Amino acid sequence: MRVIREPLFHFLLLGAAIFAVYDVATRHKSDKPGQILVTQGTIENLATGFKRTWQRPPTEEELQGVVRDYIREEAAYREALALGLDQDDMIVRRRLQQKLEFLSDDLATRTEPSDAELQSFLQAHTGLFQSEPLFSFRQIYFNPQLHGGNLHRAMARTLEDLQRTGSRANTTDLGDPFLLERSFENVSLSDVKRTFGDQFASALAALRLGMWQGPIDSGYGTHLVFVAQHSEGRLPALSEVRDQVRREWLDAKRKEVTDKFYQAILSRYKVRIELPEEKKVAQVH
């Protein structure tokens, strides 16, 4: 239904959720002092929880035990609140915050995005989904420490020989010993960066295809490089990445609803932040 997608509808749900939280937080105030009321609805919920755990209904004795545990828990909870044991307890505070945020998360996941919304999200966040450039290349490594002042002369001589033979060049005995492979097939730009460093990857992306070029510096030394293939990254069609786009859309929607959730809650409070004395002095000047 179209009304489900309207922002007003979400704000109504948001308000209802906040009211529900307030109702839960104040439910004990409706009880008479010193009285714990176990309603029939509570008993049914306890029986349902038992069945979900044990895959069978509780016996009469087991149900009495579950109700007894609930009453003890309720009494202990009230006594703990009366003693202020919930105050300044970070674990309790964070757990309550998580339970509150579960409500806003539920609002965010109730709406299923349309293909038009997903396509719009895909176009607006291309960086999340665009495939990386791929490279197929060969490299010959030269160790600057081994060649010293003769490095550029040795590389220029090797490069001249390679340019005469091109892709047919036998590079087995050329260059210096190196731990990495001499040939790489369909390697992503991020993998090139991790392996050779940003400087090498940037230079590789600018090289022309089908010819030996260099010197190209890396974190290891310097190289002569032959790029056989270079495919640019592309933005895939929605049909190829729909599940991924949907996950990212839901995450973004969840954050949006959570932000609005806190805006609605904080609108009921006046927030004052006390500054240290030295900052107050700095502000005066």
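**Close-up views of a predicted model**

**View 1. The loop holding Tyr-269.** Tyr-269 lies in the loop that links helix 11 (238-266) to helix 12 (277-284); helices are DSSP runs of H or I with at least four residues, numbered from the N terminus. Together with Leu-266, Val-271, Ile-273 and Leu-275, Tyr-269 makes a nonpolar surface patch of about 540 Å². Patch residues have over 30% relative accessible area and no salt bridge, and nonpolar side chains (Val, Leu, Ile, Met, Phe, Trp, Tyr) are joined within 5 Å. Areas come from the Shrake-Rupley method with a 1.4 Å probe, and for residues only the protein chains shown count as cover.

The model is predicted: local features need pLDDT of at least 70, side-chain atom pairs count only at pLDDT 80 or more, and totals for chains, interfaces and linings use all residues. Residues are numbered from 1 along each chain as its sequence is written, and side-chain values use heavy atoms, leaving out hydrogens and water.

View 2. A salt bridge (side-chain nitrogen of Lys or Arg within 4 Å of a carboxyl oxygen of Asp or Glu) joins Arg-78 to Glu-74, with the closest N and O atoms 3.1 Å apart. Both residues are buried, that is, under 20% relative accessible area, whereas exposed means over 50% and partly exposed lies in between.

View 3. Arg-164 counts as exposed because its relative accessibility is 57%; Asp-161, at 38%, is partly exposed.

Notes:
Patches are made of residues with over 30% relative accessible area and no salt bridge: like charges are joined within 9 Å, nonpolar side chains (Val, Leu, Ile, Met, Phe, Trp, Tyr) within 5 Å. Helices (H or I, at least four residues) and strands (E, at least two) are DSSP runs, numbered from the N terminus. Buried means under 20% relative accessible area, exposed over 50%, partly exposed in between (1.4 Å probe, protein chains only).
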